[in-house]
Amino acid sequence: MAIKILSVDDELDLELLLTQYFRRKIRKGEYEFFFAHNGIEALKMLLEQRDIDIILSDINMPEMDGLTLLTKINEMANPALKCIMVSAYGDMSNIRTAMNNGAFDFATKPIDLDDLSVTIEKAIEQINFVKQSQKEHSQLEMIKTDLAVAAEIQQAILPKKRPEFQAEGCAFDMGQVMIPAKEIGGDFYDYFHIDDEHMGLVMADVSGKGIPAALFMAVSRTMIRISGLQGINTAQCMRQSNKLLTKESVDNMFVTVFYAIINVKTGEVSYCNAGHNPPYILRKDGSLEKMPYSETFMLGVFEDTEFTEEKTKLEKGDMLLMYTDGVDEAFNPQNEGFGDERLEQILKESAGDSCQNIIDKVIDSVKAFVGEAPQSDDITLLAIKRIS
Amino acid sequence: MTTEIREENNSLIAVFKGRLDTAAAVQTTKDVEPLMNAEGKDVVLDCTELEYISSSGLRIFISILKSVKAQGGKVNVKNINDEIRKVFLMTGFDKLFTIQ
């Protein structure tokens, strides 16, 4: 595309001079010249011809002088529009004023056209640089918008509405949160209704963060949910999901999963921990138990991994809290981790509180601990408590 | 985070120093490239000065393990600190690697 140059001068001979000197470039379509004879005319042309790249303006003109024109152009706030000021050599104070007001460069009369040509080339280089930056900036803005939409979608696929069970004596309370470190994350929780008495609960953490983790998260969540909904036991569900995920995993991407099935009527919990942080059970009396470490490996790495199911029980008033390492591995500016002890302390002090309140307390405490440090990993918690 | 690789008694030794978090994982993946072509040699992952490992770091360890094993070698992990030991325990990595 031709570079559009607007020459503003009350002396008409400059018009001839420029078109003569730059005739080759004009013929080749590299430069296109426009002419105005004072500041006001120039402003009108700028409004009509919005893609002017360079203004070559005399300082001393009738109606509106070059310095006033420069001020008006500055108000347009277009960094890709460059002004080259022209004046007599003796007019140095005006030239300095123009330079201090953001003129790109200046030329003195009588104009040395070879020199002006170099100045124009230099201006074009800068204009191209600005335009490229503007283009990249707008592409970045688009990616940011996409990410914001992706984040909304991700939050939307995490369940908010608790499954309902009709049978008597199966009342429970739940709470949950997922806060990604970047716009979108690789952590997720899930819960779903399996049959009249059973509910599936999932807490998982995909390796890495951001978009790759989020994509693998969506795949993992779907596969585990589809397997889980078949009503198979937790070890079978992990085995089946692992087989499918190992096929989908790129560069050994993996997901650690704690999958539990709770009988909401009896409080019996069967679970399989595939390389995930051991959850806590906060008993009604305020005592806290950390569940045993995982016996099996995470999902997505080895197709033939063996999974085992374990069992435990929640009495009425007991709470099961599942979480990801974004909690205990939240780092403060000194690179100290939040750690298990702080988490355990909050839990011990919270017996009897609602699940969501406890989770909110943990989040507040983690945020206070981390302070100014950037969030290092996705933070996810899910709690379920049997109530009488 | 730095990674140095040297050869000693027909084994490849990778010395990790610093925090192997998600941000460092990109460079570390490049740095451990020679281990992916160990041609049957055993590999030692020296973690004496490794302060922290994130899940992206664990992924790198799995990649190394898979390719070294496929070429007939063994992978030993040397001197992990308590924090990393906890991560290894939790994720089952302790059963996957021989820890010295």
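Domain bounds, as used below, come from an automatic or database domain assignment. The structure is a predicted model.

**Exercise 1. Determine how far apart the domains of chain A lie, and compare the radius of gyration of chain A with that of a compact globule.**

Solution. 
Step 1. The assignment divides chain A into domain 1, residues 3–136, and domain 2, residues 159–386.
Step 2. Between the C-alpha centres of domain 1 and domain 2 of chain A the distance is 64 Å.
Step 3. The C-alpha trace of chain A extends over about 100 × 45 × 40 Å along its principal axes.

**Exercise 2. Describe the open sheet of five strands in chain A and the helix that lies across E7, E8 and E9.**

Solution. 
Step 1. Chain A contains eleven helices and 15 strands in total.
Step 2. Five of these strands form an open sheet in the order E7-E8-E9-E10-E13, with antiparallel pairing.
Step 3. Strand E7 (187–193) and strand E13 (310–313) of chain A are the edge strands, each pairing on one side only. On average, neighbouring strands of this sheet are turned by 20° against each other, direction ignored.
Step 4. Within the sheet, strand E8 (residues 198–206) and strand E9 (residues 255–263) of chain A are joined by nine bridges in the antiparallel sense. In this pair, A:His198 is found opposite A:Asn263 of E9(A).
Step 5. Helix H7 (residues 210–229) of chain A lies across E7, E8 and E9, and runs at about 20° to E7(A).

**Exercise 3. Classify the relative orientation of helices H1 and H2 of chain B, and characterise their contact.**

Solution. 
Step 1. The axes of helix H1 (residues 22–31) and helix H2 (residues 55–70) of chain B come within 8 Å and cross at roughly 25°.
Step 2. Angles under 35 degrees count as roughly parallel. H1(B) and H2(B) are therefore roughly parallel to each other.
Step 3. On the H1(B) side, the contact involves B:Thr22, B:Ala25, B:Thr28 and B:Thr29; these meet B:Ser56, B:Gly57 and B:Ile60 of H2(B).
Step 4. Sorted by class, the contact comprises two nonpolar, five polar and no charged residues.

**Exercise 4. State how many residues of chain A and chain B are in contact, and give the classes on the chain A side.**

Solution. 
Step 1. The contact involves 18 residues of chain A and 13 residues of chain B.
Step 2. On the side of chain A that touches chain B, six residues are nonpolar, nine are polar and three are charged.

Methods: Residues numbered from 1 in each chain as written. Chains lettered and ligands numbered in written order. Predicted model: local features only at pLDDT ≥ 70, side-chain atom pairs only at ≥ 80, totals over all residues. Pairing = 2+ DSSP bridges. Helix = DSSP H or I, 4+ residues; strand = E, 2+ residues; numbered from the N terminus. Axes fitted to C-alpha atoms, helices over the stretch in contact; angles between N-to-C directions. Contact = placed C-beta atoms within 7 Å. Parallel < 35°, antiparallel > 145°, perpendicular 65-115°, else oblique. Nonpolar A, V, L, I, M, F, W, Y, C, P; charged D, E, K, R; others polar. Rg over C-alpha atoms; globule rule 2.2 N^0.38 Å.
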